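Student: I have this model open and would like to talk it through with you before I do anything with it. Could you take my questions as they come?

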Protein chains: 4
Amino acid sequence: MDKPDKNKSRTRLEQRESDIMDAASKLFAEEGFHATSTRKIAAAAGVSEGTLFHYYGTKNVLLLAILDGFYEQLIESAREGVESVMGTRERLLLLAKNHLRALMDNQALMMRLIQVYLSVDIYYYQDYKKSPIHKLNYRYTRIFDNVVREGMERGYIREDLELSAMRDLFFGGLEYGMRTLMGRKYNRERVASYVEAIVDPLWQSMQTQHSTADSNAADNSRLEATCKRLESIVERLEQA
Amino acid sequence: MDKPDKNKSRTRLEQRESDIMDAASKLFAEEGFHATSTRKIAAAAGVSEGTLFHYYGTKNVLLLAILDGFYEQLIESAREGVESVMGTRERLLLLAKNHLRALMDNQALMMRLIQVYLSVDIYYYQDYKKSPIHKLNYRYTRIFDNVVREGMERGYIREDLELSAMRDLFFGGLEYGMRTLMGRKYNRERVASYVEAIVDPLWQSMQTQHSTADSNAADNSRLEATCKRLESIVERLEQA
Amino acid sequence: MDKPDKNKSRTRLEQRESDIMDAASKLFAEEGFHATSTRKIAAAAGVSEGTLFHYYGTKNVLLLAILDGFYEQLIESAREGVESVMGTRERLLLLAKNHLRALMDNQALMMRLIQVYLSVDIYYYQDYKKSPIHKLNYRYTRIFDNVVREGMERGYIREDLELSAMRDLFFGGLEYGMRTLMGRKYNRERVASYVEAIVDPLWQSMQTQHSTADSNAADNSRLEATCKRLESIVERLEQA
Amino acid sequence: MDKPDKNKSRTRLEQRESDIMDAASKLFAEEGFHATSTRKIAAAAGVSEGTLFHYYGTKNVLLLAILDGFYEQLIESAREGVESVMGTRERLLLLAKNHLRALMDNQALMMRLIQVYLSVDIYYYQDYKKSPIHKLNYRYTRIFDNVVREGMERGYIREDLELSAMRDLFFGGLEYGMRTLMGRKYNRERVASYVEAIVDPLWQSMQTQHSTADSNAADNSRLEATCKRLESIVERLEQA
DNA sequence: TATGAATGAGAGTTCATTCAT
DNA sequence: CATGAATGAACTCTCATTCAT
């Protein structure tokens, strides 16, 4: 589309860029950010150390580029997923699956890298909200927000919901659970059922609440349980 | 109990130990693990670097000791909290408050340190389940598990609940949300209301389903009060 | 042969390499391996400490490189010496002089370095025979072996000789004696006469043994051997 | 024999001293002088580090004490050996066996320690001859010297022998050969035959010479010259 | 006499980054 | 644009030795 010449050279540059980013991603994921030297990265990418710094002026910049790419991909696949189905619950399940899969593909190290990034650059972006990562994360979580808001508009979800708490539970729950999931082998079915176990309680509490029938079942059963305990105490007392 | 002399020296040792741990905790929290040199820690603790390594053979060991202490405290306060109230929901609220407060007191960096620890020692404890941190975390989350299980036994919570998913949502949600909370100043009320916003959806989905529970709030609270009175009678009877 | 540019830079690299090795050799010799810090070496070589580790990844590697160079030189001069004269006894004298002179030029510390090296790397090369130093030493002592073997073939030396014992006496005697020699000032004549004092007893015991009967058996067998060679040459000439 | 009280306490002190020396000897031998920290030694000896420095003010002093003890033992057993047999050759064989066995019992590291010692204390005893080790070594090698001298007096050994060269060959040969011997397992027979292989050539060259070899030097040199001429002709022919 | 906590200098090594080529 | 040699500050950790108890 562009001039072939420019196109060609741009392609080569891009090739190198992605070589470096791939190598760095892999190493960061495997050994951690601090344990990965720029020398190792350059070697793994098949370029000289000088070149690495030619492309990314700083190790931190490289880290940010990786995270950026990761989020960009995450956002894109999330958007595609949301557009592919209609129901709010189905959309949430898709978002959850997408999130989990992306993290697992990267050995969950992306999460750690984000932590590192925030550690490292806390000096530059004293206000978390100004940090590039925050902006990316904001763009990403807005997708979830929009799905929920649309659910509200359509009446599937009660309107007095605290959206931010729901968001925290959704993403926090997934990420926290991932640690457990990680130990075992990647398993598509397990992921699916885990995702449901996370989403369902949230989905349930999101909905407008019907059924006046057995209204206070909880309290009823509490009463029943208490009665049982009283009875058993009475029995013991009688035997004593 | 011992000779005063010995006692004294033991105290001095312990003093030094805690000086070092305090200094290290502070610095790790402020600047991160990797950005804090042992030199800085020693200086901040008012001891020589040699002494630091005399007490903790390795920077990693020091990190582990800090995390250990943190968890120990967390576990203790959680247990106390659980024992101080009776209702399951109240207990969950207390656990959540305790968790959040502990994290915020440490500038939420404890979470990062745990990540660092797992990164660093992944080589030693190839199986995450064998790592000391996992064991501590297990002990801690068992408190939550027990609260929920007891709720089930007493009939307050439906028995077909997926406990592990609930745990993930609970702790994950809190930790994820903490980031947002952190930016603002510490505020006891805000924490309380945030905690409710996290716990309520979970509590709701834990209970037997489709209850109109909140629809007739008045009756509900009367029942609630009665339940509580009965329960406390039971407690007293059992202890007698 | 190459571009002068490349050639030049290669030269500069080699210059640096040898600067470092020279400085290290000197310091190791003067103060011993353990007492010489990499810092000192770098300073003496006029490079930064980083550069030192750029060239030799480890202090041990540097040590090995020095020993390697030392042996290489030793081997070369020994070979030249052997080729420059014909008689077995003369060759042994030359080898001895060469050995002694090389050691004395390095203040005899090379021997100590070899010991250090073997100490240090005993863990890496559990089998002594696999250590690089052993291989170098083997190459070197083979020169002595070959001289003796040729002496046997030519009949100057009795064939029932225990070569390994002879080798031990030769090199061991020289090195042991060197300590004594070291204290005094370098003295070409003294070395020459000392060398004879060491070699002569060995030479004597190498030759076919007394029995006054055929008094000059050695010379006789030399004559016989020479005749045989002459005869075989004549044969070849006749066939040509 | 002494006062029981003093005796007792002296015994305890001596016990401790020897505990420390034994532990240090073992560790020095196994890991080398520099790789063995005083902490390790103290732990292995079952005393505190303070105590170690109480007995031996310095790590170097400890080293010297060990070497001193080693030599003392070596000297004693050598003297006993010499007195137990009469023949000069037998005495030399015994001395050699004794030397070899002592070194092998200590994993040959004693030799290295001596080197270390000389390195370390070269600053204190700028003149080798004044160093304590030199004195010990002198006392020890005098035993060899005396055996040889007595052999001369009794007429077993020719009187124009260069004693110092003989000594260098004897001890140097043994120590050099030990490296080879070390690799294999300790084997009493092997040691015996090795010792003979070392001593015999020396013994041979020590004896009064019945060969006419040197007696008729004139004839000899004529033969020699003829040989050389023949040989050079052969060389030229072969190269042609 | 025996202890072991405390020291601080110094060790080897790593590292992100620069810059002349 | 690409290189990789060069840097030197900073790192964690070790060590022989001291000294108050």
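Tutor: Let me start with a term: a residue is called buried here if 20 or more other C-beta atoms lie within 10 Å of its own. Please also keep in mind that this is a predicted model. With that cut-off, 30% of the 240 residues of chain A count as buried.

Student: What secondary structure does chain A have?

Tutor: Chain A comes to ten helices and zero strands, so that, by the assignment used here, its elements from the N terminus on read α-α-α-α-α-α-α-α-α-α. Among its contacts between residues at least 6 apart in sequence, 66% join residues at least 24 apart.

Student: How many residues of H5(A) are buried?

Tutor: In H5(A), 13 of the 18 residues are buried, so this helix is largely enclosed by the rest of the structure. It covers residues 88-105 of chain A and reaches 26 Å from its first C-alpha to its last, close to the 26 Å expected at 1.5 Å a residue.

Student: And H7(A), which residues are buried there?

Tutor: Phe144(A), Val147(A), Val148(A) and Gly151(A) are buried in H7(A). Helix H7 of chain A runs over residues 132-153, 22 residues in total, and spans 31 Å between its end C-alpha atoms, close to the 32 Å expected. Just after H7(A), Gly155(A) takes a positive phi of about 85°.

Student: Which residues does UniProt list as the "DNA-binding region"?

Tutor: The unreviewed UniProt entry lists residues 37-56 of chain A under that name; in the model, this span is 75% helix and 0% strand, and its end C-alpha atoms lie 14 Å apart. The entry, again unreviewed, also lists residues 14-74 of chain A as "domain: HTH tetR-type", a span that is 80% helix and 0% strand, with end C-alpha atoms 20 Å apart.

Student: What about the largest nonpolar core, how many residues has it?

Tutor: The largest nonpolar core has 96 residues, and those with the most contacts inside it are Ala96(C), Leu67(D) and Ala96(D). Apart from it lies another core, of 94 residues, with Phe28(A), Leu94(A), Leu63(B) and Leu74(B) among them. Leaving aside neighbours within four places in sequence, Ala96(D) is in contact with Leu174(D), Val195(D), Ile198(D) and Val199(D).

Student: Last one: why does Asp68(D) count as partly exposed?

Tutor: Asp68(D) counts as partly exposed because it has 15 C-beta neighbours inside 10 Å. This residue is found in helix H4 (residues 59-84) of chain D.

Key:
Residues numbered from 1 in each chain as written. Chains lettered and ligands numbered in written order. Predicted model: local features only at pLDDT ≥ 70, side-chain atom pairs only at ≥ 80, totals over all residues. Helix = DSSP H or I, 4+ residues; strand = E, 2+ residues; numbered from the N terminus. Expected span 1.5 Å × (residues − 1). Buried ≥ 20, exposed ≤ 12 C-beta atoms within 10 Å, placed from the backbone. UniProt positions renumbered as here; feature names shortened; annotations may be inferred. Contact = placed C-beta atoms within 7 Å. Core = buried A, V, L, I, M, F, W, Y, C linked by C-beta atoms within 7 Å.
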